[in-house]
Every structure is written in C-alpha cells, then in structure tokens.
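Below are some points for a colleague who has not looked at this model before. Please read them with the structure open.

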Amino acid sequence: MLLCALVAGAAAVVWLWWRGTPARTLDGPGEALTAAGRVTGLLGAYLLLVEVMLMSRIPWLERRIGSDWVAAMHRALGSYLVSMLVAHSVLIVAGYAVTAHVGMVSETARVVLDEPDVLMATVGLVLLVGVGWLSARAVRRRLAYETWYYLHLYAYLALLLAFAHQLAVGAQFTDDRIARAAWTGAHLGVAACLLTFRVGGPLRLAFRHRMRVAAVRRETPGVVSVYVTGRDLGRLRAEAGQFFRWRFLTAGRWWQTHPFSLSAAPNGRFLRLTIKASGDHSRGLGRLRPGVRVLAEGPYGAFTGRLRRRRKVLLLAGGVGVAPLRALLETLPAGPGELDLVYRASTPRDVLFPHELDGIARARGAAVHYLLGARVGAHPAGQLAAERLRSLVPDLPRREVFLCGPPGFIDMARRELRRAGVPRRRIHAERFDF
C-alpha cells in the first residue's frame, strides 16, 4: 500500500510538470533539455520529501511496516534522489547553454551566480551529495553513529533551501497558485509529521512516564544492561521484539539518541535494554548512575509475534542480537518442542543471559542451542551452514524464523536458511546497524 502511494505521488508530480509545460516549449534540443531538467528536479524534490517523511517516525510506519523496511527504503531511495537532483542541475544548464549557444562552463557560472536563489539551491545540492556519500555502506561503517547522525541532519537544511528555490524560480509554481499551494501544503505536512512524532512524541512520553535509570548491570566484557523505570509503563503498550530510541540526560549525552531493543519482555515495572560498547556513546552508558532522567521514543518495530504465521518457531541470534530474541523466547505462545533458539557467539564469555535463557527454556519446554567458537569445517558459513542448522532443528523448513544480529551475520544466515528450505516470506530479520 505504501509503495502504491509513493508511485501515485510520483505520477502526480509528473502530471504537475506536464500541466505547466506547454507543448511549444519542447521545440528544439535546448528546450527539451530544459524541460527534462525541470521534471527531474520536481521528482528529486518529491523524493527528498519522501525521504524526510520516512524518517519522521510515523508510528504506523514504524510499528506495522517495520523500521528495518522503512530504513531500507530510505537508503534505496537516497541514491535515486541524488541522481535526480544532479541530473536536474546538468540538464537545466545544458538546456540553457544549447539555447544561448554558449559553453557549459560559462553557463554554469552564470546560472549559479546570476540566477535568483540558484546559489542557495547549489549549496543544498552539495549538502545532499555529501549526505548521500556518507550514507554509502562502505563509508558509514567507518563512522561513529553520532558523527553519521548529526551530519545527516544537514538534509533538513537542504530541504529548506530546495523549497525556497522551487517557489522562487520553478516554472510550475511561479504563475500557478494551485500548484504553489499544493506544493507548500506537502512540505507543511511533512514538517508537521516531524514536529509531531520526532519532537512531540518524546516530550509526551517524558511528561507521562517520567523515566529514570534504575540500575546498570554488567553482562559480559563490553556489554551492559540498563534498567529503566517510570510511571504507568504498561500504557506504552510495548511488545517483545520492539525497540526504543533512548536519550540519557547527562552531561555529554543529553543530545544523543540511539536505538536499543528491549532485552526482556515488557512487564509494566521496568524496561531493560542491553548495549554493546561499539562507540564513545555506547561505552559511556556503562557509567550511568541510578536516577538519571531518560527520554524515550517508541515503542517502534514490527519484529514481534504479530509476524508469526506458523506454530513452530526458530529464533536465530548472533552476538548482542540475542537481546530482542530473549524477549520473544519469553513471550511467544508455544508448547513443548515448538520453540528453539540457536545462539551464535565466539566464546562462552560472550554469551549473554545464559542462565535466563536456560531457565526460560526449561520452564517452557523450549530448546537453546549454543554455537560457540570458530567456524566448523570448510564451509564458508561455518556453524551457520544449512546442514548444521538442519541437524539442530530437523523440521526447520516448516518453521517461522526470527533472525537478529550484525549485518554480516544476517546476510549469511539468510542465505543458509534459504538453502535449508525456509521460504523467504517466513524469515523475519532485525539488523543491528544504522
């Protein structure tokens, strides 16, 4: 349904371009290039609006479609967005240059320096290209989450600059009040989503629940669990498998927000998140003191029991990815023999919650399988090989699978599950990356 809405929006943008482009303006190569530049500019501006809307944390998107899917679509559309806006710039300048019979370099200098608001739009384009480059997976992996996050915020400035440029010189808007009002309304709607869900949501939760850190517990070297208490936590309606975006109001951390899954089923008394030290912020959370105030956004995520369509379930965890699966192990309805957890970790010291996992398994008639150590055998997937998984869970092809862990683990496990005969539609994954 969301894809249909996005395609319909793109079609409306093309119609808007066609409505404001008389056929006589397409005569000649210069005019055709200029027209192509205008439609790519409109589509690029539309994609920028969609990108911001996807990241405005609309509850329906985050909880029903899933944050992973929304983030994946955001990343995929980002490359199209940058390509469209770069094409817009090149085609517009080329069209002007052909019409005026001048060179591209001199026409580029004239357009950027002399045309109204184009310099401002050029700054916006440079910002978006920079954000797009930082979002490339190879670059993103080398950045701290905090650095990536705050540089990403320049996209909002780029949106403002692009909007002002469009209304000032956009051929579709300068003489068409209806088009101008519709375009302005679309931007105001996205701005309302941002203010309502990214600003208003956390403030509302803060006043209603008054969350504070209750305790910090060391689980393994480099991993801690933070217990958060507050008023009326049951009204959050959080589910096992979901996550919040957490902001701890201490010096040096109050301006940072990070997503962490619940590592215990919500019980109305406390929320528990489990954090692996992977950056300056996450390492510092181990030094939190009881009583620190907490701002939270959420609950988010569709990685819950609602995805389940089969009675028998396999939970497949890698490293700290066991956190949401531990909560699902506790809460998914299942009889004896219907629920298995396979947990991949490097050493016994890296296993999180071993006593909790074993206790839950005994109480529920479930099974926990620990895959420890280096890879087994010559198979590139090692202990995640399809044959190994089938030996642990013989009826694997008939099960629903919930999968969580680092990106490399997710990709490998997904391939091996498919080799083992699990249909794609029954593999539900939650990635621990950004």
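1. Cys404 has 0% relative accessibility, so this cysteine counts as buried, the cut-off for that class being under 20%. Note that the model is a predicted one.

2. How many disulfides does the count come to? The count is 0 disulfides, a pair of cysteine sulfur atoms within 2.5 Å being what the rule asks for. Cys193, for instance, is in no disulfide: the nearest cysteine sulfur belongs to Cys4 and lies 20 Å away.

3. Strands of a sheet pair through backbone hydrogen bonds, either parallel or antiparallel. Here, an open sheet of 3 strands runs in the order β1-β2-β5, and its pairing is antiparallel. β1 (212-220) and β5 (271-276) are the edge strands, each pairing on one side only. From one strand to the next, the twist averages 25 degrees.

4. Within that sheet, β2 (residues 223-229) pairs with β5 over 6 bridges, in the antiparallel sense. Opposite Val226 stands Leu273 in β5.

5. Two helices are also worth a look. Helix α11 (residues 322-331) and helix α12 (residues 354-364) have axes that come within 9 Å and cross at roughly 25 degrees. Angles under 35 degrees count as roughly parallel, and therefore α11 is roughly parallel to α12. The crossing of α11 and α12 is left-handed.

6. Which residues make the contact between α11 and α12? On α11 they are Val322, Arg326, Leu328, Leu329, Glu330 and Thr331. On α12 they are Glu356, Leu357, Ile360 and Arg364.

Terms used: Residues numbered from 1 in each chain as written. Predicted model: local features only at pLDDT ≥ 70, side-chain atom pairs only at ≥ 80, totals over all residues. Heavy atoms only, no water. Buried < 20%, exposed > 50% of the residue type's maximum accessible area, 1.4 Å probe, protein only. Pairing = 2+ DSSP bridges. Helix = DSSP H or I, 4+ residues; strand = E, 2+ residues; numbered from the N terminus. Axes fitted to C-alpha atoms, helices over the stretch in contact; angles between N-to-C directions. Parallel < 35°, antiparallel > 145°, perpendicular 65-115°, else oblique. Left-handed = near helix turned anticlockwise from the far one by under 90°. Contact = heavy atoms within 4.5 Å.
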